[in-house]
Amino acid sequence: MVKLRFKKQMHTPQGNDWLGIDLNISKGEFIALFGESGAGKTTFLRILAGLTQPQEGYIEVDGEVWFDSRKKINLPIQQRRVGFISQENSLFPNMTIRENLEYACVDKKLHGSIEEWIVTMGLKGLEDQKPDKLSGGQKQRVALVRALISQPRILLLDEPLSDLDIHARLNLQDEIIKVYQKTKITTILVSHDLSEVFKLSQKVFVIDHGKITKSGSPQEVFVNNNLSGKFKFTGQIIEIHKDGVLNILTLTIGNHVAKVVASDEEIAGLSVGSKVIVAAKAFNPLILKA
Amino acid sequence: MHYDLQPLLLTFQLALTVTIILFILGVPLAYWIAFSRNRFKYIVETLVSMPLVLPPTVIGFYLLIAFSPQHFLGHFLESFLGVRVVFSFTGLVIGSVLFSLPFMVNPIKAGLQNFPIALMEASYCLGKSPWETLRRVILPNIKPALLTGIVMAFAHTIGEFGVVLMIGGNIPGETRLASIAIYNEVEALNYDTAGLYALVLVVISFCILLVFYYLNRKTLDSSLRSE
């Protein structure tokens, strides 16, 4: 169980803003923090990791107090044992992949598990390379393994996939799911990618200007439930094209691009970038073997 | 032509001692300057850089006064520890350490300030102390800066004159360094001997810097590649 309650002043290009958080996370839950850049997502993770101090508040993880401004408690980063993965590469360039993993090992006896991780995460053959020889996806995979080897109590993922191409991103999303199912570690993912949030998290908190505005399962938060259609997808408009009497919308749905037709009433108030729900009655679908 | 290897050996002995001491002092000092949030930090930075602008004789003069047995510090050292600093090798070392301090500290400070904070934070999150992070992550990744500090401090100590003359004087085998020996030989009109010392210093300094720039070219290239 993670209990978070804190206030922190943020300096954003739009001026000063307060990050005010009050939420609980159950042990073993995979939650996502969703919001625009500058909303306070990264600050949230940094405060939890102990890299930034809030002005006031209280943080408790699995019954241990990490921060309490009233009692002047501030557990050092080193003792919090968080696995923190940021979007930038954080592998130590002077060490090989294996040395990076060994560095994270809390106990020499666990060196055996490094070999196991190298194999399961598809890093075999790369273990004696320096990080600069690896692709972005491979680096993040090593960073993930390195964080897990340090036996963290909580895993913090700060848009770890945002710099990767779509193929590497999908791959690593699967790895994250695999790792989560294996370890059942409490995980907080920061993301502004809808499909990623849907795919990975059980619960999502929408954060806007430092405040949590919505929370619930990704379905509850992002999909309006009072439709009767059987198929519905949430997508984002990337192009609106008028062709005679029809409007053709180009949408990204998850990682796919789709074109749909829309009437004038339907596109009223919509513009490029708008989030929309595409729903269809399921009376005549085509079903093909995948 | 009369010549003596003693001044040359003494010069390199001094340069080596000073460089080792400066490295041990310089890394923590540079670390403190680079990462401390103390609001009086700029005063320490100013003091460290003073030898860059002051005439060496000024530093030598103050050291001579401070360590002379007539004054408190010199008197204390001599009566309680039995150490005489002025006109001794110890004095040369102290003077040179102070005088070459910025040449060691400033490059290391720059290296530390340019080091990605994300890597330090990653190490802390893995449960490593600042000391272990410094030793195993930061220092191995700022080798070019360390090498610059070491070479500059060493080369600069070889090239010293004013400070060492003021505090060390000109005692053969004790404080007569190559640079002072050259001055001495010229005064005695022994141009051949002075020329020999001068040539040795030129050749050795050139070689040290040549090797340094050659190595640094390689490390700089590889650090650029890893970006």
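This short talk goes through a predicted model with chains A and B.

Some ground rules first. Residues are numbered from 1 along each chain as its sequence is written, and chains are lettered from A, with ligands numbered from 1, in the order in which they are written. In this predicted model, local features need pLDDT of at least 70 and side-chain atom pairs count only at pLDDT 80 or more, while totals for chains, interfaces and linings use all residues.

Let's start with chain B. Chain B has eleven helices and zero strands. Helices here are DSSP runs of H or I, at least four residues, and strands are runs of E, at least two, both numbered from the N terminus. Along the sequence the pattern reads α-α-α-α-α-α-α-α-α-α-α. Along the principal axes, the C-alpha atoms fill a box of roughly 65 × 45 × 30 Å.

How much of chain B is buried? Of its 227 residues, 35% count as buried. Buried means 20 or more other C-beta atoms within 10 Å of the residue's own; exposed means 12 or fewer; partly exposed is in between; C-beta atoms are placed from the backbone. Now contacts, meaning C-beta atoms, placed from the backbone, within 7 Å. Among contacts in chain B with a separation of 6 or more, 75% are between residues 24 or more positions apart.

Next, one helix pair. Packed helices are described by the angle and the distance between their axes. In chain B, take α1(B), residues 6-35, and α8(B), residues 143-158. Their axes come within 9 Å and cross at roughly 140°. The axes are lines fitted to C-alpha atoms over the stretch in contact, with angles from 0 to 180 degrees between N-to-C directions.

Who meets whom? From α1(B), the residues include L14(B), V18(B), L22(B) and F23(B). From α8(B), they include I150(B), A153(B) and F154(B). By class, this contact has nine nonpolar, five polar and no charged residues. Nonpolar covers Ala, Val, Leu, Ile, Met, Phe, Trp, Tyr, Cys and Pro; charged covers Asp, Glu, Lys and Arg; the others, Gly among them, are polar.

Further along is α10(B), residues 178-187. Its buried residues are A178(B), S179(B), I180(B), A181(B), I182(B) and E185(B). Just after α10(B), L189(B) takes a positive phi of about 65°.

On to the interface. 18 residues of chain A are in contact with 16 residues of chain B. On the chain A side, α2 (77-80), β7 (82-85) and α3 (97-104) each give two or more residues. That side divides into ten nonpolar, five polar and three charged.

Now chain A itself. Chain A is divided into domain 1 (2-221) and domain 2 (226-280), with bounds from an automatic or database domain assignment. The domain centres, over C-alpha atoms, are 33 Å apart.

Some strands. β3(A), residues 30-34, runs parallel to β10(A), residues 203-208, with four bridges. Strands pair if DSSP finds at least two bridges between them. L33(A) has F205(A) as its bridge partner in β10(A). β10(A) also pairs with β11(A), residues 211-216, antiparallel, over five bridges. There, D208(A) is bridged to K211(A). In this hairpin, two residues lie between the strands, and H209(A) takes a positive phi near 50°.

Last, A280(A), in β15(A), residues 275-280. Why does A280(A) count as partly exposed? Because it has 13 C-beta neighbours inside 10 Å.

Note on methods:
Two residues are in contact if their C-beta atoms, placed from the backbone, lie within 7 Å.
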